[in-house]
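Please look through the sequence and the structure below before reading on.

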Amino acid sequence: MSERPFRARILYAGGTIGMKATPSGLRPGASLEAWVSELIAKDNPNVVVDLVVYDPLIDSSNARPSDWQRLIDDARKADSEVDGVLILHGTDTMSYTAAALDCALADLHIPVVITGAQLPLTHPRSDAAENVLGAMRCLVEVGAGVGLFFNGTLFQGARVQKVSLDDFAGFSSPNFPPSGRVSTEGTFEQYLPLRLLGPGWQPDRLSAPYTDGDDQEVVVTFLTPGMSESRLRAHLTPPPAGVLLLGYGAGNGPETCPDLPGIIAELTEAGTVTVILSQCHEGRVDLTTYATGAALAHAGAISGGRMTIEAAYAKLKLLLAQGLDPHKVRRRFQVDLVGEM
């Protein structure tokens, strides 16, 4: 008896992989149907592909939380229809999408792998075919979870960041090892499970969708040498629903802004959830190490641990969408959902 075919659904959302030249520059729009079908059939005839082309295709720099939600909804629909989902996506915000899907699809029974390309498939040096074939090999073998595949490496969705504009190795996971790799011969070697559920994940409490509403706005702010209180206050007025504050080292702030704890206390009083991240790529935010960090925690800020900006942003947006009060959002944020902490 022949082996049952692996049923893969490809969601083509847009991105450089399918862009074509226009008078104003590269824009989404190239047709991928024939290219994808022929590519997959030659590499693995046991994979049956079902391609869904989004209309309109988007440049990922224009992606919004509502676009994440469309992918989430389509992946949930595919859960009972196919064996895995491959998403073709632009690289600019691919790591945000990967983190958002990882947090929201932790109960999915099938794998979801996101990939794209640094150069369009029509370019003579394009990495498109290599990334699509590698991502499909991961999809067939990896098991349930959400990952991002690029340049031979599979990363956990909530742990990855874009690190290069030009290099084919455009993504990395600075605080966590990769989930696996595909060799130049096409063999997939898995190092870690793609799904890393934290102890506090409860799917019934994370059912509301991502939206673009201002009531769930999350502002990202870098603390910089010499930053004044007036500038920081202006940036955070009116108070948003959430703030990701990128401090120095373990989560410290500049003394040139001596009332930083007071500003955070005002935000906390207004219902804003403030998360402290580090501008360092590696290491963990610990608000107990230095007095400056402890003052921020006392004012109501919480640590983002080892989280990337992308994962913290997606997780906070998801929790805010649930309609929880700020105290519950702060508590839930500090619980590991999918291994992102």
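## The largest pocket

In this predicted model, strand β15 (273–278) and helix α8 (309–321) each give at least two residues to the lining of the largest pocket. The volume of this pocket is about 280 Å³. Its lining is made up of 19 residues, and those closest to the centre are Gln161, Ser278, Cys280, His281 and Ile309. Sorted by class, the lining holds nine nonpolar, eight polar and two charged residues.

## The second largest pocket

The second largest pocket has a volume of about 150 Å³. Its lining consists of Thr16, Met19, Asp59, Ser60, Gly90, Thr91, Asp92, Gln118, Lys162 and Leu165. By class, two of the lining residues are nonpolar, five are polar and three are charged.

## The cavity

Rolling a probe the size of a water molecule over the atoms shows where empty space is left. When the whole structure is searched for cavities of 30 Å³ or more, one is found. The largest cavity holds about 30 Å³ of space. Around the largest cavity stand Leu232, Leu236, Val243, Leu245, Leu260, Ile263, Ile264, Leu267 and Thr274. Strand β14 and helix α6 are the elements that give two or more residues to this lining.

Which element gives the largest share of the lining of the largest cavity? The answer is α6, with four residues. In terms of class, the lining of the largest cavity has eight nonpolar residues, one polar residue and no charged residues.

## Helix α6

Helix α6 covers residues 260–269, and its buried residues are Leu260, Gly262, Ile263, Ile264 and Leu267. After α6 comes Gly271, which has a positive phi, near 95°.

## The four-stranded sheet

Strands β14 and β15 also belong to an open sheet of four strands, in the order β13-β14-β15-β16 and with parallel pairing. Strands β13 (218–222) and β16 (302–303) are at the edges of this sheet; each has a single partner strand, so one side of each is left without a neighbour in the sheet.

The pairing of β13 with β14 (residues 242–247) is parallel and runs over five bridges. Within this pair, Val220 is placed opposite Leu244 of β14.

## Strand β1 and its partners

Is strand β1 mostly covered or mostly uncovered? Strand β1 (residues 6–14) is mostly covered, as eight of its nine residues are buried. One of its pairings is with strand β4 (residues 47–58), in the parallel sense and over eight bridges. Another is with strand β5 (residues 84–88), also in the parallel sense and over five bridges.

Phe6 has Val47 in β4 as its bridge partner, and Ala8 has Gly84 in β5.

## Phe6

Phe6 is located in strand β1. Its relative accessible area is 12%, under the cut-off of 20%, and therefore Phe6 counts as buried. Apart from neighbours within four places in sequence, Phe6 is in contact with Asn46, Val47, Val48, Asp83, Gly84, Leu139 and Val140. Among these contacts is Val47, the bridge partner of Phe6 in β4. Phe6 and Leu196 are 190 residues apart along the chain, and their C-alpha atoms are separated by 24 Å.

## Gln156

Where in the fold is Gln156 found? Gln156 is part of strand β8 (residues 153–156). The relative accessible area of Gln156 is 1%, and because this is under 20%, Gln156 is classed as buried.

The side chain of Gln156 has two polar partners to look at. One is the side chain of Asp102, with a polar contact at 3.3 Å. The other is the backbone oxygen of Val338, which the side chain of Gln156 reaches at 2.4 Å. With neighbours within four places in sequence left aside, the residues in contact with Gln156 are Asp102, Val146, Phe176, Ser179, Leu194, Leu196, Val338 and Gly339.

Key
Residues are numbered from 1 along each chain as its sequence is written. This is a predicted model: local features need pLDDT of at least 70, side-chain atom pairs count only at pLDDT 80 or more; totals for chains, interfaces and linings use all residues. Side-chain values use heavy atoms; hydrogens and water are left out. Two strands pair if DSSP finds at least two bridges between them. On a 1 Å grid over the protein atoms alone, a cavity is a set of points where a 1.4 Å probe fits but cannot get out, and a pocket is an open set with protein on both sides within 12 Å along at least five of seven lines; lining residues have an atom within 4 Å of a point. Grid points are joined across faces, edges and corners, and a volume is the space filled by probe spheres set on the points. Ala, Val, Leu, Ile, Met, Phe, Trp, Tyr, Cys and Pro count as nonpolar, Asp, Glu, Lys and Arg as charged, and the others, Gly among them, as polar. Buried means under 20% relative accessible area, exposed over 50%, partly exposed in between (1.4 Å probe, protein chains only). A polar contact is a pair of N or O atoms within 3.5 Å; within protein, one must be able to donate a hydrogen and the other to accept it, and residues adjacent in sequence count only if both atoms are side-chain atoms. Contact means heavy atoms within 4.5 Å.
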